[in-house]
Amino acid sequence: MSNAEQKDRKPEKGQPLTRSFSCAWQGVRNAFFERNMRIHLFFAIAAVILGFALRVDAASWLAIIFCICLVFSLEVLNTALEALVDLVSPEYHELAKRAKDCSAGAVLICAIGSLVVACIIYIPAFLRLISLM
């Protein structure tokens, strides 16, 4: 078996924990090749910078971090589902399209929810900041 085949092989039960983490990290890295994940990363960085600039409280930080992790997680799952659908249905099929659309829709719902959370956190923080000036 070649190194490439060994690397792509399904992990076996009882594998070292480090191998499990390595496979998981590879999945995250694969998702970052997707354009949408890079867009989410840009907004996550902007959210963190805004949080520091506006000096948000600990509860707000928890909400920000939760939203970032949730959007990233859903985008990774969306990437995985799209790859699986492409594998099992290389030609166009209406059900394959529906699966991909629903998966992307889940990410969109989460991103919109995160935007609402951002408005709830950042608008009052911004107004407090400018009232101090």
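In what order do the elements of the protein chain run from the N terminus on? They run α-α-α-α-α, and the chain has 5 helices and 0 strands. The model is predicted. Of the 133 residues in the protein chain, 21% are buried. Taking contacts between residues at least 6 apart in sequence, 65% join residues at least 24 apart.

**Helix H3 against helix H5**

- H3 (35–53) packs with helix H5 (residues 94–131) at an angle of about 20°, and the two axes are 11 Å apart.
- Angles under 35 degrees count as roughly parallel, and H3 and H5 are therefore roughly parallel to each other.
- The crossing in which H3 passes H5 is left-handed.
- On the H3 side, the contact is made by His-40, Ala-47, Val-48, Leu-50, Gly-51 and Ala-53.
- On the H5 side, Val-107, Ala-111, Tyr-122 and Leu-129 make the contact.
- By type, the residues of this contact of H3 with H5 comprise 8 nonpolar, 2 polar and no charged.

**Aromatic pairs**

- How many aromatic pairs does a search of the whole structure find? The search gives 3 aromatic pairs, and two of them are described here, Phe-32 with Phe-72 and Phe-52 with Trp-61.
- Phe-32 and Phe-72 pair edge-to-face, at 5.8 Å centre to centre and with 75° between the planes.
- Phe-32 belongs to the loop between helix H2 (17–31) and helix H3, while Phe-72 belongs to helix H4 (residues 58–88), so this pair ties together parts that are 40 residues apart in sequence.
- Phe-32 has a relative accessibility of 26% and counts as partly exposed.
- In the pair of Phe-52 and Trp-61, the ring centres are 4.9 Å apart and the planes stand at 50°, so the pair is tilted.

**The loop between H3 and H4**

- Arg-55 is placed in the loop between H3 and H4.
- Arg-55 is not a glycine, yet its phi is positive, at about 55°.
- For background, most residues other than glycine have a negative phi.
- Is Arg-55 buried or exposed? Arg-55 counts as exposed, with 70% relative accessibility.

- Asn-78 is found in helix H4 and is buried, its relative accessible area being 4%.
- Which residues is Asn-78 in contact with, leaving aside its neighbours within four places in sequence? The contacts are Lys-100, Ser-103, Ala-104 and Val-107.
- Phe-66 and Ser-114 are 48 residues apart along the chain, and their C-alpha atoms are separated by 9.1 Å.

Methods
Residues numbered from 1 in each chain as written. Predicted model: local features only at pLDDT ≥ 70, side-chain atom pairs only at ≥ 80, totals over all residues. Heavy atoms only, no water. Phe/Tyr/Trp six-rings, centres within 6.5 Å; stacked < 30°, edge-to-face > 60°. Helix = DSSP H or I, 4+ residues; strand = E, 2+ residues; numbered from the N terminus. Buried < 20%, exposed > 50% of the residue type's maximum accessible area, 1.4 Å probe, protein only. Axes fitted to C-alpha atoms, helices over the stretch in contact; angles between N-to-C directions. Parallel < 35°, antiparallel > 145°, perpendicular 65-115°, else oblique. Left-handed = near helix turned anticlockwise from the far one by under 90°. Contact = heavy atoms within 4.5 Å. Nonpolar A, V, L, I, M, F, W, Y, C, P; charged D, E, K, R; others polar.
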